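Here is a short briefing for a first look at this structure. Keep the sequence and the 3D view open while you read.

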Amino acid sequence: MINAVVVGLAAGLLFAAAIFVARIYNVLLASFEETRNSFAQIEVQLKRRYDLIPSLVEAARAYLTHERETLEAVIAARQQASSKLSGLQNNLTDAGAVKSWAASEGALGSAMGRLSMVIESYPELKANESIAQLTEELTSTENRISYARQLYNDLATRFNIRRQTFPTVAFSSLVGFSENVELLQFDDQVEIQRVPKFELVGA
């Protein structure tokens, strides 16, 4: 009789433990998927920006015949950032991949900042309808990227806190969540923040 009671208690405890661990898994999975989905929204806007940049470069090329190096630097930086973004949504816990992409975004922001300054020195570009429209679209896209990036960082922080909070931290590796999600931080914040301004628009 005693053995049956002990076995029953042990089975009950194991069942309760399994339910507890399953709940931890479900909470972490839901939080992680929210974070991944928010990054997908960033990706949509980034791809739109990557599509707009070559159009801006081509529209400006006729006026910037002596700025070939600047134009080529923008295209090269855009290509680098675009290639490193590919597949990143599935590697958000890979610090190296996220930081490498962030560095390429910083380089793109710097290149775009230089292009913006060059464009500002050509009055005829300010009157060009195509340039004005493209820079306006880029400004709008950059604003959406900024908003989406903040939302992603908020959700990533929430996931990381949940993962590291006791008692979840004792089981997070067991259920497949052994690493934090990387926040999106850029080394060249000043240049990136400069890009969407394009003060020449409407001038």
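The UniProt annotation "coiled-coil region", from an unreviewed entry, covers residues 124-151. In this predicted model, the chain over residues 124-151 is 93% helix and 0% strand.

**Confidence**

- The protein chain has an average pLDDT of 87. A score of at least 70 is reached by 90% of the residues.
- Among the elements of the chain, helix 2 has the highest mean pLDDT, at 95. Helix 7 (residues 189-194) has the lowest, at 44.
- Over residues 188-203 the pLDDT is below 50. Beyond near neighbours in sequence, this stretch has 38 contacts in the model.
- Where pLDDT is low, the predicted coordinates should not be read in detail.

**Nonpolar core**

- The largest nonpolar core holds 43 residues. Phe39, Leu64, Trp101, Met112, Leu115 and Tyr152 touch the most other members.
- Helix 1, helix 2 (68-85), helix 3 (95-120) and helix 5 each supply at least two residues of this core.
- Helix 1 gives the largest share of the core, with 13 residues.
- What does Tyr152 touch, leaving aside residues up to four places away in sequence? The list is Thr35, Ser38, Phe39, Ile42, Leu92, Val181, Glu182, Leu183 and Leu184.

**Aromatic pairs**

- A search of the whole structure finds 7 aromatic pairs.
- One of them joins Phe20 and Phe171 edge-to-face. The centres are 5.6 Å apart, with 80° between the planes.
- Phe20 lies in helix 1 (residues 2-61) and Phe171 in helix 6 (residues 168-171), so this pair ties together parts 151 residues apart in sequence.
- Phe32 is in helix 1 and Phe159 is in helix 5 (residues 129-164), so the pair ties together parts 127 residues apart in sequence.
- Phe32 and Phe159 are buried.
- Ring pairs also build a cluster, made of Tyr25, Phe32, Phe159 and Phe177.

**Salt bridges**

- The whole structure contains 8 salt bridges according to the search.
- Arg48 and Glu137 meet through their side chains, at 3.1 Å from N to O. This pair links distant parts of the chain: Arg48 is in helix 1 and Glu137 in helix 5, 89 residues apart.
- Arg48 is partly exposed, with a relative accessible area of 33%. Glu137 is partly exposed too, with 23%.
- Arg49 and Glu142 form a salt bridge at 2.7 Å, N to O. Here too distant parts are linked, with Arg49 in helix 1 and Glu142 in helix 5, 93 residues apart.
- Are Arg49 and Glu142 buried or exposed? Arg49 is buried, with a relative accessible area of 6%. Glu142 is buried as well, with 7%.
- Arg49 and Glu142 also belong to a network of salt bridges that includes Glu105.
- Within helix 1, Arg61 forms a salt bridge with Glu58. Their closest N and O atoms are 3.0 Å apart.
- Arg61 and Glu58 are 3 residues apart, so about one helical turn separates them.
- Arg61 is partly exposed, with a relative accessible area of 33%.

- Which residues does a cis peptide bond join? They are Phe166 and Pro167, with omega about 5°.
- Most peptide bonds are trans.
- Pro167 sits in the loop between helix 5 and helix 6.
- Ser172 lies in the loop between helix 6 and helix 7.
- Ser172 is buried, with a relative accessible area of 1%.
- Leaving aside residues up to four places away in sequence, Ser172 touches Leu28, Arg163, Phe177 and Ser178.

Notes: Residues numbered from 1 in each chain as written. Heavy atoms only, no water. Phe/Tyr/Trp six-rings, centres within 6.5 Å; stacked < 30°, edge-to-face > 60°. Helix = DSSP H or I, 4+ residues; strand = E, 2+ residues; numbered from the N terminus. Buried < 20%, exposed > 50% of the residue type's maximum accessible area, 1.4 Å probe, protein only. Core = buried A, V, L, I, M, F, W, Y, C linked by side-chain atoms within 4.5 Å. Contact = heavy atoms within 4.5 Å. pLDDT = per-residue confidence, 0-100. UniProt positions renumbered as here; feature names shortened; annotations may be inferred. Salt bridge = Lys/Arg side-chain N within 4 Å of Asp/Glu carboxyl O.
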